[in-house]
Amino acid sequence: MANNINLQVYHGVEATVNAYIFSDNESVILVDCLRNSDEASKLAAQIKSLNKPLTHLFITHGHPDHYTGMHVMKQEFPDVQIVVNTPEIKEDIINFSTWMESVGWLEKEPALKPKTDANPNGFDYQANIDILKRGKLVLAEGAEIEAFSNYEAAECEHLTTLYSKDLKAFFANDFVYNGVHPWLAIDTQNIQNWKQQLEEFAHVLEQDLTIYGGHGKPGDISVFNTQLKYINDFEAVVAEAKSREEAMQKMQELYPDYTQADFLLVYSVNAFVAE
Ligand SMILES: [Zn+2]
């Protein structure tokens, strides 16, 4: 018999990024926490309305659209344990925040500026982020969510997928953007790794799972091939395009319903097409 486990998907607005709320009768676990503090506060209110303790905030990878709400969660739920799957992911988060501060990106989110000798009131990433034990998140009544990070560098250097046998669900993290232009401003080797991993997911995973991506709506097993086709299309378009405008236009013609053309697609195109 399946263990008791409920899932609420919180679809964030900025970057069309998702947060996932798992609960049973006695506890709540949150996976990722959105791109800005305002949205994270709304997410916190939704969790509070469940009237159960939030035991863990699990961060899937070191991109800020998945962890910017971290300090809000720590403030609203002082007892929450913030966890990642590997030490490398903790390093990714610290490195990204340090870089964001150096280029002024954290002026809008000053509470996320890293704690240093010069900024003693900053966010203490070292002390506040722990490494998950035994590679699984466990709700109070016993349902388990398994975490996997043994992937080659792709959309991010280190990503984490999750699997719930009870929900018959696979959380593909940022290997899948469903109906959303993906972040492709990455190494060509990372793109090849990404494509290879998508093929593997499509073949190896149980075919009746529900697939939840890091961005966009959930889907069935076909989302992996859809993502693969998108990346192949993107590679063909940027290889042929004579200008950034042309590449933008072609991708939007091919994917007219996809969100984030004005943000994620712009960065991806600019990384591959010269001005
Ligand atoms: Zn993301």
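Contact here means heavy atoms within 4.5 Å. The model is predicted. By that criterion, Tyr 230, Asp 233, Phe 234, Val 237 and Glu 240 of helix H7 meet Glu 246, Ala 247, Lys 250, Met 251 and Leu 254 of helix H8. This contact comprises six nonpolar and four charged residues, with no polar ones.

Two packed helices are described by the angle between their axes and the distance between the axes. For H7 and H8 (residues 244-254), the axes come within 9 Å and cross at roughly 150°. Angles over 145 degrees count as roughly antiparallel, and H7 is therefore roughly antiparallel to H8. The crossing of the H7 and H8 pair is right-handed.

H7 also packs against helix H6. Helix H6 spans residues 188-204 and H7 spans residues 223-240. Their axes lie 9 Å apart, at an angle of about 155°. H6 and H7 are therefore roughly antiparallel to each other. The crossing of H6 past H7 is left-handed. On the H6 side, the contact is made by Ile 191, Gln 192, Trp 194, Lys 195, Leu 198, Glu 199, Phe 201 and Ala 202. H7 contributes Phe 224, Asn 225, Gln 227, Leu 228, Ile 231, Asn 232 and Glu 235. Eight residues of the H6 contact with H7 are nonpolar, four are polar and three are charged.

H8 in turn packs against H9. The axes of H8 and H9 come within 10 Å and cross at roughly 130°. This angle makes H8 oblique to H9. The crossing of H8 and H9 is right-handed. Arg 244, Ala 247, Met 248, Met 251 and Gln 252 form the H8 side of the contact. The H9 side consists of Ala 261, Leu 265, Val 266, Val 269 and Asn 270. Seven residues of the contact of H8 with H9 are nonpolar, two are polar and one is charged.

Rolling a probe the size of a water molecule over the atoms shows where empty space is left. The structure holds two cavities of 30 Å³ or more. The largest cavity contains about 60 Å³ of space. Its lining is formed by Tyr 20, Val 31, Asp 32, Thr 60, Thr 160, Leu 162, Phe 171, Ala 172, Asn 173, Tyr 212, Gly 213 and Gly 214. Strand S10 (169-178) and strand S11 (210-216) each supply at least two residues of this lining. By class, the lining of the largest cavity has six nonpolar residues, five polar residues and one charged residue.

The second largest cavity holds about 30 Å³ of space. Tyr 177, Asn 178, Val 223, Thr 226, Gln 227, Tyr 230 and Tyr 258 line the second largest cavity. S10 and H7 are the elements that give two or more residues to this lining. H7 provides the largest share, four residues. The lining of the second largest cavity has four nonpolar and three polar residues, and no charged ones. Two of its residues also take part in helix packing. Gln 227 lines the second largest cavity and belongs to the contact of H6 with H7.

The largest pocket has a volume of about 700 Å³. It is lined by 31 residues. Nearest its centre lie His 63, Pro 64, Phe 96, Trp 105 and Trp 183. Helix H2 (64-67), helix H4 (87-102) and helix H9 (261-272) are the elements that give two or more residues to the lining of the pocket. H4 supplies the largest share of this lining, five residues. The lining of the largest pocket divides into 16 nonpolar, seven polar and eight charged residues.

Key
Residues are numbered from 1 along each chain as its sequence is written. This is a predicted model: local features need pLDDT of at least 70, side-chain atom pairs count only at pLDDT 80 or more; totals for chains, interfaces and linings use all residues. Side-chain values use heavy atoms; hydrogens and water are left out. Axes are lines fitted to C-alpha atoms, for helices over the stretch in contact, and angles run from 0 to 180 degrees between N-to-C directions. Angles under 35 degrees count as roughly parallel, over 145 as roughly antiparallel, 65 to 115 as roughly perpendicular and the rest as oblique. A crossing is left-handed if the near helix is turned anticlockwise from the far one by less than a right angle, and right-handed if clockwise. Ala, Val, Leu, Ile, Met, Phe, Trp, Tyr, Cys and Pro count as nonpolar, Asp, Glu, Lys and Arg as charged, and the others, Gly among them, as polar. On a 1 Å grid over the protein atoms alone, a cavity is a set of points where a 1.4 Å probe fits but cannot get out, and a pocket is an open set with protein on both sides within 12 Å along at least five of seven lines; lining residues have an atom within 4 Å of a point. Grid points are joined across faces, edges and corners, and a volume is the space filled by probe spheres set on the points.
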